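Open the structure in your viewer and keep the selection panel at hand. The stops below say what to select next and what is there.

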Amino acid sequence: MAETLDLSLYAKPAGNGILGMELAVEGIACGACIARVEAAVKRLPGVTEARLNFTNRRLHVAWANGAVQPAQILEALEASGYHGYPFVPLRAEEEEAAKARQLTRCMAAAGFAAMNIMLLSVSVWSGNVTDITPETRDFFHWASALIALPAAAYAGRPFFASAWRALKSSSLNMDVPISLGVILALGMSLVETANHAEHAYFDSAIMLLFFLLVGRTLDHAMRRKTRAVAGNLAALKADTARRFAGDELVSVPVAVLRAGDRILVKPGERVAADGTVLSGASEIDESLITGETTRRKIASGAMIYAGSMNYSGALTLKVTAAGGAALIDEIEKLLDRAASAKSHVMRLADRASRIYAPVVHVTAALTFTGWLIAGASAHDAMVTAIAVLIITCPCALALAIPAVQVVASGALFRAGVILNAGETIERLAQVDTVIFDKTGTLTLPEPRVVNASALDPDLLQKAARLALSSRHPLAVALSREIATHTPFDGAVEEPGRGVRTVIDGIEARLGSAEFCGIVHPACTGSNLTRIWFAHGARAISIAIAQKLRPDAVEVVQALARRGLDLRILSGDHDEAVAPVARALGIGDWRGRLKPADKITLIEALKANGRRVLMIGDGLNDAPSLAAADVSLSPISAADVTQAHADAVFLGERLQPVLDAVDIAHRAHALMKQNLWLAAVYNAIAVPVAIAGAVTPLIAALAMSGSSLLVTLNALRAGGRRQ
Amino acid sequence: MNVLVYLVPMALGLGLAGLFAFLWALKSGQYSDVDGAALRVLSDDDLEN
């Protein structure tokens with residue numbers, strides 16, 4: 001590396017003069033990589049610890065302060081064929097990890113208690129129909145109480161805390177009936193045990209907690225997994241910027257840039273922060289910001305935005321707004337407006353619990369008064385009423401939706417879709433209108449060669465290899481055409497003109513027509529850029545343009561077959577949008593839209609009762625993503641845009657979009673099915689309980705049976721597509 | 001049935017031992033990289049130290 005790389009931002013003191021750093025490592029393929037990565041880093045002097053977490057592809061390194069520079073660690077990784085990207089663990093991620101550990105501990109405690117109480121309960125149940133003595137039964141019940149009470153106090157905390165929060169804000173959630181059921185069941189069983197009764201419900205209460213904790217732990221584990229991958233991807237994307245320290249250049253993470261810093265942006269690099277040009281002239285591609293594919297010429301004094309691609313010349317910028325704060329005023333205002341207008345679709349689970357909790361509690365109360373009127377003793381009436389609360393245990397209901405969500409987000413994850421929020425699945429399932437942005441969404445984020453089939457393969461091959469020697473975006477696009485990564489020796493780049501070298505004794509030139517000595521007819525369409533390659537007398541003209549994602553046509557057709565209304569809203573000029581719309585068979589398209597126009601169109605659709613899915617990547621799409629009912633963005637999208645999308649999809653293909661729609665549909669259907677299963681279960685179990693015929697055995701069977709049923713049904717959400 | 005007086009506590013004690021073993025394993029980070037642990041066991045690199 002030519003310039004020094006300053007990574008002190010990421011090194012965190014870990015006591016005793018030891019510094020620690022977290023790296024997301026790219027390139028890990030198999031188990032052997034673990035040893036290779038760790039050995040490469042441990043060879044450095046002063047490194048005290050290097051441990052790779054294979055599950056989330058992260059490396060923890062610790063070293064004695066001053067013994068080694070963090071940049072050397074990256075270089076050591078680079079030398080052994082891996083890329084390391086330092087990152088600061090997100091606060092949210094750490095909090096989730098702590099929450100997950102708490103849930104797992106609670107689940108372990110509840111599991112232990114459930115097994116041991118069941119051991120005692122089964123003995124009591126079989127004893128009750130044979131010859132158990134009342135003393136033995138009492139002993140077993142007391143032993144159960146001894147296990148159940150502390151276990152419930154410990155393992156029930158997540159539910160009690162959440163129920164308490166809901167009650168304090170005078171609302172109801174699923175945890176209220178759960179907590180009430182558990183506490184009443186335990187209290188009643190204790191009283192019954194003290195009175196030498198035949199039945200106690202310790203097992204039901206603990207089993208309920210155990211099942212629910214299993215569901216929540218899995219839910220959390222899935223969310224953590226996607227969070228970790230999202231965190232790694234963010235680390236991979238985090239760019240460095242060349243900052244002037246006096247006259248010297250130091251590479252620093254973009255995160256440490258401050259307003260007023262001077263930075264250098266070379267050709268072929270993305271601009272790291274908003275700024276004004278101090279010196280230099282260039283052409284920049286702002287398609288990530290405006291969707292416009294025509295490049296803009298800029299000179300000193302011009303304002304440019306983070307995310308622009310610098311094409312031809314080196315620029316010195318004065319940073320005006322750094323990092324994530326870099327936002328165009330207009331976009332920021334629109335984002336506020338879109339966020340406030342965002343419709344809050346009520347989640348299925350909330351709707352279910354809002355109906356469920358009052359119904360159950362009223363039923364229990366009615367059972368109590370009913371039995372009193374019928375002449376039962378207050379004690380018997382109470383026992384029956386509590387049995388109603390236990391048997392209607394929201395077990396099945398509380399698992400019905402999270403279980404589907406776990407399986408569906410797992411399936412989405414495998415399909416390359418990373419969810420930002422869990423309820424995305426529900427909103428995605430109700431979509432009837434899909435709006436695409438064009439640039440970077442329907443088309444690949446980077447330009448490609450479009451006339452490869454018409455060119456001499458041998459010359460194209462040579463041109464692409466020569467292109468490896470340049471960082472110019474057009475050369476980078478060309479070099480993607482071949483698999484080799486070995487550039488020609490002795491290639492010389494003439495900035496702003498092209499690259500030349502000697503191949504097989506003949507001079508070869510790649511670049512502008514003049515540079516290659518070619519006289520060419522004037523301009524050829526606005527969204528095509530041509531570069532020329534001359535090898536002696538032979539020459540080819542290579543056309544480079546935005547290209548559709550490889551499977552865009554099939555995916556768009558498949559979406560149309562599903563009855564979805566498809567539209568394109570683009571910020572690019574009409575001549576660039578029209579061919580794309582035609583190729584995809586989308587009749588309803590608009591070009592030259594400002595971000596405000598996009599929002600207006602989306603809001604009009606929503607006002608007509610449409611459920612809108614917006615897919616976009618540019619900074620100009622961020623407000624529309626926030627305004628739509630649900631939104632997706634490709635991983636190449638601008639940071640702000642990704643932050644406002646409900647889900648991010650990976651890779652070059654558009655297939656994840658189709659998969660996401662399909663999986664969401666299936667998941668939503670299963671959620672509703674599960675809620676119905678739970679309702680049917682209650683419809684059967686509640687009359688039995690009201691009649692006072694529920695024994696602990698029946699309660700245990702009914703509860704585990706129904707939980708198992710909804711969980712098995714939920715597993716179908718991950719099934720393969722036909 | 002007097003045997004129950006010590007058999008039940010013994011069963012409980014064994015269960016508790018299992019529970020604490022799990023909690024200890026959780027706390028010492030043995031579940032933080034389950035995929036890696038499966039692969040590390042195959043490597044001999046730890047023998048040289």
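Helices (H or I, at least four residues) and strands (E, at least two) are DSSP runs, numbered from the N terminus. Two strands pair if DSSP finds at least two bridges between them. This is a predicted model, in which local features need pLDDT of at least 70 and side-chain atom pairs count only at pLDDT 80 or more, while totals for chains, interfaces and linings use all residues. Residues are numbered from 1 along each chain as its sequence is written, and chains are lettered from A and ligands numbered from 1 in the order in which they are written.

**Hairpin**

Select residues 538–545 of chain A, strand S23, together with S22(A): seven bridges join the two, and they run antiparallel. Within this pair, A:Trp532 has A:Ser541 of S23(A) as its bridge partner. The hairpin of S22(A) and S23(A) has two residues between the strands, and A:Gly536 there takes a positive phi near 65°.

A residue is buried if 20 or more other C-beta atoms, placed from the backbone, lie within 10 Å of its own, exposed if 12 or fewer, and partly exposed in between. Strand S22 of chain A (residues 529–535) has six of its seven residues buried, so the rest of the structure largely encloses it.

**Whole chain**

Zoom out to chain A. It has 24 helices and 28 strands, and its C-alpha trace spans about 105 × 65 × 45 Å along the principal axes. Of its 722 residues, 46% count as buried.

Next, show the open sheet of three strands in chain A, with the order S12-S11-S14 and antiparallel pairing. Strand S12 (296–298) and strand S14 (309–310) of chain A stand at the edges with a single partner strand each, so one side of each has no neighbour in the sheet. Strand S11 (residues 282–285) of chain A pairs with S14(A) over two bridges in the antiparallel sense. A:Ile284 has A:Asn310 of S14(A) as its bridge partner.

**Two helices**

Select helix H3 (residues 91–128) and helix H4 (residues 134–155) of chain A, whose axes come within 9 Å and cross at roughly 165°. Axes are lines fitted to C-alpha atoms, for helices over the stretch in contact, and angles run from 0 to 180 degrees between N-to-C directions. H3(A) and H4(A) are therefore roughly antiparallel to each other, a label for angles over 145 degrees. Two residues are in contact if their C-beta atoms, placed from the backbone, lie within 7 Å. Among the residues that make the contact are A:Ala113 and A:Leu120 of H3(A), and A:Phe140 and A:Ile147 of H4(A).

**A loop residue**

Which loop holds A:Glu446? It is the loop between helix H14 (438–442) and strand S18 (448–449) of chain A. A:Glu446 has 18 C-beta neighbours inside 10 Å and so counts as partly exposed. Between the C-alpha atoms of A:Glu446 and A:Val688, 242 residues apart along the chain, the separation is 65 Å.

**Chain B**

Last, show chain B against chain A: the contact takes 21 residues from chain B and 19 residues from chain A. On the side of chain B that touches chain A, helix H1 (4–27) and helix H2 (34–40) of chain B are the elements that give two or more residues. H1(B) gives the most, with ten residues.

Note on methods:
Parallel < 35°, antiparallel > 145°, perpendicular 65-115°, else oblique.
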